Amino acid sequence: MPAYLISRLFMAVWVIFGVTTLVFFLIHWVPGDPVEVMLGESASAADRELLRQALGLDRPVLQQWLSFLAGVLRFDLGDSLYHQQPVAELLQARYAATAELAVTALVIAVLIAVPMGILAAARQGSVWDLGAMGFSLLGVSIPNFWLGPLLVMVFSLALGWFPVSGRSGVASVVLPAITLGTSMAAVLSRMIRSSLLEVLGEDFVRTARAKGLSTYRVLIRHGLRNAWLPVLTLLGMQLGALLGGAVVTETVFNWPGVGSLLIESIQRRDYPVVQGCVLLISLTYVVVNLLTDLLYSWIDPRIRLERQ
Amino acid sequence: MRAGWSGAVLLLWALLALVVPWLPLQPEQISLPAILQPPGAHHWLGADDLGRPVLDRLLMGARTSFWVACWVVGLSVLAGTLIGTAAAYFGGLWDRALVLIIDIFMAFPGILLAIALAGLLGPGITNLVFALTLVGWVGYARLARAQVLSVKHREHIVAAEALGTRAPRILAWHLLPLISAPLVVEATFGVAAVVIAESGLSFLGLGVQPPDASWGSMIRDGVRYLLVAPHLVLAPGCALFLVVLSVNLLGDRLRDRLDVRSIARSAP
């Protein structure tokens, strides 16, 4: 177990390092001068030079990169060019909103997908199965930025049940979370169905049935317990994808999270904040996947033993 | 029957994208009296907030999404397959470097990188294609690599090597036909992903720039008028949804037809 843990941790650190470096160099190689953006076109050359020095942009790129890495280790991501405030503070203020949205979406997705996937597998080929798979196909084909406005049209404008946008109170999270959770529920229910179908074809399930156990018991105790391991991995990966997809959904609903901060900062060419947002989202993604992997090997002894 | 209409949608999409330059469209014709006009006899799908005909803009959007999908998927498959097969076949340092790169890209939400890249490079269709390709090739490289690793020790390849066949010929004639089925299926789903990604980035204002039209930017402009002119969001959204749905259906059918999963499973 320790060897596996260490190799997994090493991998995570490597990925974070790679992502950090990638983002840093991308930002420094792309055209567009932040100083110009901040001061406008009418600024004098001397003012520009002063600001460039103040921001450290006149130093060699390699030196900037090293000091950036050193800063990341201390959770110091520099100051926002626009807000005149540390990036870490900005991110902290936005992170809770994104987490709230992502977790709510995840819960909604699980609540939809688990019963649907089980039903589809238990009644394979039935109307239920067709319906569930139809939903799954629709769910992956409908983009967030269209589903969101559609939901707003029906539930906010026509029925007036939920606010159109923003983050105020419990009701405001419902529509963004459904928007974000639908595509995930689609993928998840399909996975649960196929994983469960595979397990239900095993010999021990036939034995359990032959023993005269109830359908419910066979399905839950013997089927689901074995089927949900691959589902768990997918769940971890999906939570990461959720955080990525949250960028679009947050923009649709004006949700004050990290994703909308990213888009705002891109438009303002606020490089340190863009860097910070990408870094934070990928860090979350990597950590969630790491935890899923560890949980997976903890739950399933076959994996733990195989890797020893 | 299901195959019929999804195929028809895709055919229509491709056909329209190809003939749009020769159609008498006026997607940039601003007309004040027509502002936010609902669908009617004069404008079949109504007019947008500048009085431009939605149908004409929809067709221009079809062209945008079609060409972006073609370029991104084409370039990604080409680059990914080349790099993946070569790395797996020759092995060694290049292969290890590729695995490290793949690991980074896979442990990272691709759309996030595409958003950051497209945003930093500045909006525009070329930058969009570049950003999506840079993110997209990795999946194909991983798939091609895994496939080549599983078939490269088969007898006919060993025989070809023993006969002194050059490596490029082995890759192109003896390996590629064996590994192409999963790549074709992956590329089909890739088209759906790219169509959504292009519209998504355009929705965020990072893709196609006005006055050019993309389904994503049409939805973005329409969201402001949800209450008074819902057709501005419904029309491009339906087009987008139909195309993506049809591509996904086609992908499902191809996967069943080519029996991709069982190929992958029988591999040692």
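Predicted model: local features only at pLDDT ≥ 70, side-chain atom pairs only at ≥ 80, totals over all residues.
Figure 1. Apart from neighbours within four places in sequence, the contacts of A:Val35 are A:Arg48, A:Leu51, A:Arg52 and A:Leu57. A:Asp47 lies 12 residues from A:Val35 in sequence, and the C-alpha atoms of the two are 9.5 Å apart.

**Figure 2. Helix 7 of chain A and the bend at A:Val152.** Helix 7 of chain A covers residues 144–158, 15 residues in total. From first C-alpha to last the helix reaches 20 Å, which is close to the 21 Å expected at 1.5 Å a residue. At A:Val152 helix 7 of chain A bends by about 30°. A:Val152 is also one of the buried residues of this helix. Just after helix 7 of chain A comes A:Gly160, with a positive phi of about 70°.

**Figure 3. Helix 9 of chain A, a helix largely in the open.** Helix 9 of chain A is made of the 8 residues 203–210. The number of them that are buried is 0, so the helix lies largely in the open. A:Gly212 follows helix 9 of chain A and has a positive phi, near 90°.

**Figure 4. The largest nonpolar core and B:Ala114.** The largest nonpolar core has 149 residues. Those touching the most other members are A:Cys277, B:Ala114, B:Ile115 and B:Val194. For B:Ala114, leaving aside neighbours within four places in sequence, the residues in contact are B:Ala131, B:Leu132, B:Val135, B:Ala197 and B:Leu201.

**Figure 5. The contact between chain A and chain B.** Chain A brings 39 residues to the contact and chain B brings 32. On the side of chain B that touches chain A, the elements giving two or more residues are helix 3 (92–106), helix 4 (110–121), helix 7 (167–203), helix 8 (215–223) and helix 9 (231–258) of chain B. Helix 4 of chain B gives the most, with 8 residues. Sorted by class, this side of chain B holds 24 nonpolar, 7 polar and 1 charged residues.

Figure 6. Chain A has 13 helices and 0 strands. The C-alpha trace of chain A spans about 85 × 60 × 30 Å along its principal axes. Of the 308 residues in chain A, 37% are buried. Among contacts in chain A with a separation of 6 or more, 72% join residues 24 or more positions apart. Chain B has 10 helices and 0 strands, and its C-alpha atoms fill a box of roughly 75 × 45 × 30 Å, taken along the principal axes. Buried residues account for 46% of the 268 residues in chain B. In chain B, residues 24 or more positions apart make up 69% of the contacts with a separation of 6 or more.

Conventions. Residues numbered from 1 in each chain as written. Chains lettered and ligands numbered in written order. Contact = placed C-beta atoms within 7 Å. Helix = DSSP H or I, 4+ residues; strand = E, 2+ residues; numbered from the N terminus. Nonpolar A, V, L, I, M, F, W, Y, C, P; charged D, E, K, R; others polar. Buried ≥ 20, exposed ≤ 12 C-beta atoms within 10 Å, placed from the backbone. Core = buried A, V, L, I, M, F, W, Y, C linked by C-beta atoms within 7 Å. Expected span 1.5 Å × (residues − 1). Bend = angle between axes of the 7 residues up to and from the residue.
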